[in-house]
Amino acid sequence: MKRTILILITFAAVLYGVTDCKQNKNAVTKNSNGKINVTVTNFPPFDFVRNIAGDRVNLSMLLPPGAESHSFEPSPRDIIAIQNSDIFIYAGGESDAWVDRILESMDTDNMKILAMIDTVDAVEEEIVEGMEEEDEEEETAYDEHVWTSPQNAILIVRAIAELLCEADPANADFYRQNAAAYSEELARLDAAFNEVIAGAKRKTIVFADRFPFRYFADAYGLSYFAAFPGCSTETEPSAATVAFLINKIRAEKIPVVFHLELSNEKMADTISGETGAKKLLLHACHNINKRDFDAGLGYLDFMRRNVENLREALY
Ligand SMILES: [Zn+2]
């Protein structure tokens with residue numbers, strides 16, 4: 001992986017060098033249509049920027065819709081897109097460790113860079129009872145799924161709006177207004193989760209999948225059992241892990257077993273079949289499928305469905 005990235009950087013540098021002479025590096029706006037270029041790695045910042053800036057920026061997401069975010073490797077074209085950005089936004093955790101290596105190789109003087117993980121109180125990935133740890137002797141990493149808590153989303157949106165205003169002051173009022181309106185929607189979403197959890201019969205959820213909802217669970221006082229931590233590359237659980245989750249569901253009479261978006265759902269099917277618990281999606285918004293992307297669905301749409309699915313799981 002490291003070697004691939006090195007080759008890519010070299011390749012992109014050559015490509016970039018070829019076109020470099022045509023560009024004015026000191027220009028505030030790097031694009032011919034007069035709009036600033038905003039590049040993001042995954043779906044949450046894509047949707048946040050879209051809601052704040054509408055069509056007043058050139059916005060591109062590196063991760064294609066439907067693609068698995070944890071195994072993403074940038075193409076030379078992606079590296080050029082980053083190099084040409086006025087604003088570049090990424091999550092800042094384990095999955096995009098490649099970002100730091102690429103940024104080091106670039107001239108980032110005219111670029112505003114935001115790691116979402118730096119905008120919130122980051123916590124480490126947690127290993128709870130019954131969870132499979134990865135074999136690698138890597139130390140526990142900060143959990144990068146900061147956007148899964150709506151309260152964090154409000155902080156991220158604020159940071160993005162500030163960057164947009166700095167990079168493109170002519171549209172600052174527009175960005176501020178949209179950011180305020182969108183943050184109100186996020187606050188309403190937060191209230192909806194609080195309302196569900198306040199009336200809940202139980203506070204435990206079970207995930208037959210990875211668990212990227214650490215920030216979400218912390219925000220609402222939920223406890224959880226899951227097969228793997230947030231960004232585990234494992235998808236095949238051991239028989240002992242599956243048995244542990246089945247026993248938890250039976251012992252606590254938990255009515256729902258959750259799976260993630262873009263997951264193979266095999267483990268959830270097995271556990272649902274064994275226990276009668278209903279299989280439901282809790283959408284972590286790493287990425288969305290092509291159909292939903294083309295339909296223009298966003299973070300709020302998936303999170304509002306999460307409110308309803310959580311209601312089924314906790315009552
Ligand atoms: Zn993840």
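**Structural briefing**

The side chains of H286 and H70 are joined by a polar contact of 3.3 Å (a pair of N or O atoms within 3.5 Å; within protein, one must be able to donate a hydrogen and the other to accept it, and residues adjacent in sequence count only if both atoms are side-chain atoms). The model is predicted: local features need pLDDT of at least 70, side-chain atom pairs count only at pLDDT 80 or more, and totals for chains, interfaces and linings use all residues. Residues are numbered from 1 along each chain as its sequence is written, and side-chain values use heavy atoms, with hydrogens and water left out.

- H286 lies in the loop between β8 (278-281) and α10 (290-294); helices (H or I, at least four residues) and strands (E, at least two) are DSSP runs, numbered from the N terminus.
- With a relative accessible area of 6%, H286 is buried (under 20% relative accessible area, with a 1.4 Å probe and protein chains only).
- Although H286 and F43 are 243 residues apart along the chain, their C-alpha atoms are separated by 6.0 Å.
- Beyond its neighbours within four places in sequence, H286 has contacts (heavy atoms within 4.5 Å) with residues including F43, H70, H145, W147 and E261.

**Helices α5 and α6**

- The axes (lines fitted to C-alpha atoms over the stretch in contact, with angles from 0 to 180 degrees between N-to-C directions) of α5 (residues 150-167) and α6 (residues 172-198) come within 9 Å and cross at roughly 175 degrees.
- That makes α5 roughly antiparallel to α6 (angles over 145 degrees).
- Among the residues making the contact are I154, V157 and L164 of α5, and Y175, Y182 and F193 of α6.
- The contact residues divide into 15 nonpolar, two polar and two charged (Ala, Val, Leu, Ile, Met, Phe, Trp, Tyr, Cys and Pro count as nonpolar, Asp, Glu, Lys and Arg as charged, and the others, Gly among them, as polar).

**The four-stranded sheet**

- An open sheet of four strands has the order β2-β1-β3-β4 with parallel pairing (two strands pair if DSSP finds at least two bridges between them).
- β2 (57-61) and β4 (112-115) stand at the edges with a single partner strand each, so one side of each is left without a neighbour in the sheet.
- Strand β3 (residues 87-90) runs parallel to β4 and is joined to it by four bridges; I87 has K112 of β4 as its bridge partner.

**The chain as a whole**

- The chain has 11 helices and eight strands.
- Of its 315 residues, 51% are buried.
- Among contacts between residues at least 6 apart in sequence, 70% join residues at least 24 apart.

Note on methods:
Buried < 20%, exposed > 50% of the residue type's maximum accessible area, 1.4 Å probe, protein only. Parallel < 35°, antiparallel > 145°, perpendicular 65-115°, else oblique.
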